[in-house]
Amino acid sequence: MLLRSIILTGAINGLFFILLLKNKPKTSDSDRILMLWMSIIALQLGFYYDNLSANPIFPACLQLLGFSLPVISSPVFYFYIRSLSSGFSFKWRNTGVHLTPFLIFNCITFFLHYTNKDYLFLRDGLPHFSSALNPWLSYSLTALLALVPGYYTVLSFVLLLKHQKRLPDNYSYTEKINLNWLKWIVVSLLVLFIGLFLFIKYGVRYGLVAYPDLFAVVGAILTIYVFFIGFCGLQQDAVFNRDPSIQEDVNEEDSLPGNYKNSGLSDEKADQIFMRLKLHMDTARPFLKEDLSLAMLAGELGITSNQLSQVINQKSASNFFNFINGYRVAAVKEKFKDPALAAYSILGIAYDSGFRSKSSFNKIFKETTGQTPLEYRRAVSS
């Protein structure tokens, strides 16, 4: 069966991605969480693969556990997104509450199955609730399977939106850290979750699909996500891996512009810091570092990230991203006017001035000057 082969491929590739992540030169916390998620998904795909066989080999206890794996994989995927966007460090003592639905579901289903099989029995590798069971209990258990993945999917999307909103106040670049690929994954998961929930609830009832075929489709779709997330995860650097000071210094409330209750800066002191900042920018030229962040610059000035953010926002009427890239654009403009650099390419000058990609440079330069780099260079050199 084609779908069964696809599911097996997904399980094998999940394990393969784990080996690749484990052998990365630098394994981050986010990589380890992704490996845990891949392990759970590989088990889930193995469960689907076994259930599609004529005679499943998994014992009843593993079949019950396999059916509930989405309840635990969804919070682990949320931890992965949280580790990439806000420096979350996975510790079992901090995740107990997120495992509660998984434990509750399995404790109840194991109790029902092994004390009275008239209440819960396994057929085609899947649990079925009999009419003898209190309907409120069966509805509650079914709702748990539906609501927990949906809740964590929504939570993940909200977290990504907050992360994207926070980027300009903390980074001078957005390449590879905007997590747009992950946002589309979460959106598609949400759409898929709603579609599959309706399909599972009404498809079998109205004879549109049988249970084994239903989970064959789910497994095949999950295989596609394993390929895509594994591929992107191998290339993705956690936003906070390079700059652990941000993890301690920036929080979701204080990083917002205009919210500096804890900075302790008077207007006079802010003016002094701003003068130091401008002198530092002119002499040390830190904007030439392509990966410059708020915390890195704050460390060079000997102040906190929150204080530096306040100074930039209040004294330059800008955010960190625009402030730093304004210096980079000014550096590019000066180099365009230098006859000694006439033979240099536009992109080479952009990289030498601190930009790290052609697309971001072109966009920022056009927004700042109203001209493309080529138009500006021609104008100043004619």
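This dialogue explains how to read several features of a predicted model.

Biologist: How far apart are Phe-47 and Ile-57, in sequence and in space?

Modeller: Ten residues separate Phe-47 and Ile-57 along the sequence, and their C-alpha atoms lie 9.8 Å apart.

Biologist: Is Thr-153 buried or exposed, and which residues does Thr-153 touch?

Modeller: Thr-153 belongs to helix 6, which spans residues 135-166. Its relative accessibility is 12%, so Thr-153 counts as buried. With residues up to four places away in sequence set aside, Thr-153 touches Val-186, Leu-189 and Leu-190.

Biologist: Which residues are buried in helix 3?

Modeller: In helix 3, made of residues 60-67, the residues Gln-63, Leu-64, Gly-66 and Phe-67 are buried. They lie on the same side of helix 3, because the arc they cover around the axis is only 165 degrees.

Biologist: Let us turn to the surface. Which residues form a nonpolar patch there?

Modeller: A patch joins residues that each have over 30% relative accessible area, and nonpolar side chains are joined within 5 Å. Here the nonpolar patch consists of Ile-194, Leu-198, Tyr-202 and Tyr-206, and together they have about 420 Å² of accessible area. One of these residues, Ile-194, is in helix 7, which covers residues 180-203. Ile-194 counts as partly exposed because its relative accessibility is 45%.

Biologist: How many disulfides does the structure hold?

Modeller: The number of disulfides in the structure is zero. As for the cysteines, Cys-61 has a relative accessibility of 30% and so counts as partly exposed. Cys-107 is exposed, with a relative accessible area of 55%.

Biologist: With which residues is Asp-29 in contact, once its neighbours within four places in sequence are left aside?

Modeller: Asp-29 is in contact with Phe-88 and Ser-89 on that basis. Along the chain, Phe-88 is 59 residues from Asp-29, yet their C-alpha atoms are separated by 8.1 Å. Asp-29 itself is found in helix 2, which runs over residues 29-51.

Biologist: What is the distance between the closest N and O atoms in the salt bridge of Glu-300 with Lys-289?

Modeller: In that salt bridge, the closest N and O atoms of Glu-300 and Lys-289 are 2.5 Å apart. This pair links distant parts of the chain, eleven residues apart: Glu-300 is in helix 11 (residues 294-301), while Lys-289 is in the loop between helix 10 and helix 11. Glu-300 is partly exposed at 32% relative accessibility, and Lys-289 is partly exposed with a relative accessible area of 36%.

Biologist: Which residue forms a salt bridge with Lys-315, and where in the chain do the two partners lie?

Modeller: Lys-315 forms a salt bridge with Asp-271, and their closest N and O atoms are 2.9 Å apart. This pair also links distant parts of the chain, with Lys-315 in helix 12 (residues 305-315) and Asp-271 in helix 10 (residues 267-283), 44 residues apart. Lys-315 has a relative accessible area of 24% and is therefore partly exposed. Asp-271, at 33% relative accessibility, counts as partly exposed.

Biologist: Which residues do salt bridges with shared partners join into one network?

Modeller: That network consists of Asp-267, Asp-271 and Lys-315, joined by salt bridges that share partners.

Notes: Residues numbered from 1 in each chain as written. Predicted model: local features only at pLDDT ≥ 70, side-chain atom pairs only at ≥ 80, totals over all residues. Heavy atoms only, no water. Patch = residues over 30% accessible without salt bridge, like charges linked within 9 Å, V, L, I, M, F, W, Y side chains within 5 Å. Areas by Shrake-Rupley, 256 points an atom, 1.4 Å probe, with all protein chains shown as cover. Salt bridge = Lys/Arg side-chain N within 4 Å of Asp/Glu carboxyl O. Helix = DSSP H or I, 4+ residues; strand = E, 2+ residues; numbered from the N terminus. Buried < 20%, exposed > 50% of the residue type's maximum accessible area, 1.4 Å probe, protein only. Arc of directions from axis to C-beta. Contact = heavy atoms within 4.5 Å. Disulfide = S-S within 2.5 Å.
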